[in-house]
Amino acid sequence: MIVSATPSSNAGIGSGELGSFVRQVVAGRWFSLFASFLVMAGAGGVYLFAYYSRDIKTTLQCDQTTLNKIGFYKDLGSNVGIVAGLLAEVAPTWVLLLIGAALNFVGYFKIWQGVTGKIVNPTVAYFCFYIMVGANSQNFANTGVLVTCVKNFPERRGVMLGLAKGFVGLSGAIMTQIYTAIYGDDTRSLILLLGWLPSLISLIFISTIREIKAVKHPNEFRVFVHFLCVSVILALFLAALVFIQKRIRFDQSAHAAVVAAIASLLLLPLLIAIREEIVLWNLNKRTIGIHQPQTSPNPPSSSNKPSRGEDHTIPQAIFSADMLILCITMLIGVGASLTAIDNLRQIGESHGYPSETINSLIVLVSIFNFTGRIFSGFVSDILLEKFKFPRPLMLTLVLLVSCIGHLLVAFPFNDSLYIASIVIGFSLGAQVPLHFAMISELFGLKHYSTLFNFGQLFCPIGSYILNVMVTGRLYDEMAKTTTGIGGLHCEGHSCYEQSFVILAGLTFFVALVSLILVERTREFYKGDIYKKFREDMESLKTKMEFYTLDEKRTRIGNLLVDKHSINIKS
C-alpha cells in the first residue's frame, strides 16, 4: 500500500485504465470513509422522535408518562448494542449492516402502520416493541461504521469519531428536508421515510465499508480538515434553512431544490476520496512504493492487569474504576440530554410556541448536535496533541455547559428555548465522541466494539430514570393542576421547571464526579498515548522526504540531459 504525495505533472489516468482506477477507488480506504459518512447521515432517526411523538400520543390517547415510556424504549433500543458489539468481534461489517437495515425497516414500517390505522387499535406495548427494534438498528450501523473507521484511522480517533458521529447529528435535519420535499407536512410519512431510506443506503454500501490495512498518511489531518469543511458547509446550509423557511413558505419545487443541494454537499467527500486515490494511482504508476510500516498490537503487560492504553479483556475493562466513572457520566450526562430532546415538542407547546417554531427548534438541536460532535472530536484531539489537555477534563467542561441548557428550560425568558436547544444539542453531541474516544484510549482496540456498546448501555437507563420516572411524572402532575383531572397537556412555564432543576443539579454533580477520572488519568494523558503510531509516521515521513528528494534529482537530471541535447543540435 502507498501513501499520498504530490503527483508529478506528467502522471495521469489513461482511457484504458479507467476501469482499474474505479475498482481502486471503490476498494479504497477513502471511499469506505465516504460511504460511512452517508450511512451515518441516515442513522439518526432516533433524534426525530419529537417530530412524530404527537402522532403516537394521538393514536393511543395517552398521557405524557406513557409517551415518555415509549421514548425510553427508543433510547433503550438505540443504546443496547451489546449484541452488535459481540457480533462485530467475529463477523464482518457487512453482516452488521445487513441486520441493521432489516431491523430499521421492520421497526419504523410497523410504527407507520400503527399511526396510520393500518394496524387496528395498536397498544402501548406494540409501539414500545417496534420503536425499540427500529432504534436498535442504529447500533448495528454505528458499530459497523465506528469500529471500522477507528481501526482504519487509529491515530486520529477523536477526529474520526467526531466526523462520523457528526453526520449522525445532521441526520435529523437532512431527513426533515427530504421528507418535506417528498411528503409535505405529513409527519406520519416521516416515519415511513425513516424506514426505507436509511436501510437502502446501508444496502448500497454494504460491501465497501470494511477494515482495510491502514495506509499511513503524513498529511492525514489535512484530509480530515477538508472533510470537516464540507460538513461545516452542510451544517451552515441546514441552519440557514431553519431561519429562511421560518420566514418564507417554500413550495414543492423549492423543497426539491433544497434536497438537490443537500445531496450535492453529501457527495463532495467523494471528490476528496477520488483525489486521494488519484495520488495513489500516480505513485503506483511510477513504481515508487512507500509501504506501510507493519505495526504490532500493544505488547501485553507483565501484570495480570494491563496498563492504561493496552488491550484489556472485556471483564478487566468492565470492572475497572475508570469504566465505572465513564458509565456514571453517560448515565446522567447523556441521559439528561436525551430527556430534554425527547420532551422538546411538549416543552415548546407548554411555552406557547407554534408548531413551525418547534420544528425549527428540533432542527437546531440536530445541527448543534453535529457541531458538538465535530468540536469535541477535533478540538480535543488538537488540545491533547499540542498541550496534553486530557479528554476527561474536556468532558467535565461539556457537562457544565449542559447544566446551562437545562436551567434555560427551567427558568425561561423570551425566546430562551432557542438558546436551550442549541446548548443541549451541542452538549449531547460533544459527550459522545469524548466517551467513545476515551474508551478506545484507556482499554485498547481489541474489544472496542463490545466495550463502547457496554458503556452506552447506561444511556437508556439514565433516560428511563430521568425521563419516565422524573420528568414524565412531574409533567403529568402539573397537567392535572393546569387543565384539571385527566388532563394530558400542561400549559405554562412551570410544567418543566422542577424536573429540569433536578436535571441541572444531577448534571452538575456528575461533572464533579468526572474530575475523579481527570485525576486518575492525569499521568496517562501527559504521555504520548499514540506513540506507536507516531513512530511509524516519522519513519514514513523520512521515506517521503527521500522520495521527494530523489524525484527532484531525477527531474534536474532530465533537464540537464535535455539542455545538453539542445546544445549538440545547435
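Select Cys 62 and Cys 128: the sulfur of Cys 62 has its closest cysteine sulfur in Cys 128, 9.4 Å away, too far for a bond. A disulfide here is a pair of cysteine sulfur atoms within 2.5 Å. Cys 62 counts as buried at 7% relative accessibility, where buried means under 20% relative accessible area, exposed over 50% and partly exposed in between, with a 1.4 Å probe and protein chains only.

The model is predicted: local features need pLDDT of at least 70, side-chain atom pairs count only at pLDDT 80 or more, and totals for chains, interfaces and linings use all residues. Residues are numbered from 1 along each chain as its sequence is written, and side-chain values use heavy atoms, with hydrogens and water left out.

Next, select Cys 327 and Cys 459. The cysteine sulfur closest to that of Cys 327 belongs to Cys 459, at 9.0 Å, which is too far for a bond. Cys 327 is buried, at 4% relative accessibility.

Now go to Cys 490 and Cys 495. Their sulfur atoms are 2.0 Å apart and form a disulfide, and the structure holds one disulfide. The torsion about the S-S bond is about -90°, so this disulfide is left-handed. Cys 490 is buried, with a relative accessible area of 2%; Cys 495 is also buried, at 2% relative accessibility.

For the helix pair, select residues 321-342 (H13) and 416-443 (H17). Helices (H or I, at least four residues) and strands (E, at least two) are DSSP runs, numbered from the N terminus. H13 and H17 pack at an angle of about 160°, with their axes 10 Å apart. Axes are lines fitted to C-alpha atoms, for helices over the stretch in contact, and angles run from 0 to 180 degrees between N-to-C directions. The angle makes H13 roughly antiparallel to H17, a term for angles over 145 degrees. Residues in the contact (heavy atoms within 4.5 Å) include Met 323, Leu 326, Gly 333 and Leu 338 of H13, and Ile 424, Gln 431, His 435 and Phe 443 of H17.

Then select residues 391-410, helix H16. H16 has 20 residues and reaches 29 Å from its first C-alpha to its last, close to the expected 28 Å; the expected span is 1.5 Å times one less than the number of residues. H16 is mostly covered, with 14 of its 20 residues buried.

Finally, show the whole protein. The protein has 22 helices and zero strands. Of its 570 residues, 57% are buried. Among contacts with a separation of 6 or more, 85% come from residues 24 or more positions apart.

Key. Parallel < 35°, antiparallel > 145°, perpendicular 65-115°, else oblique.
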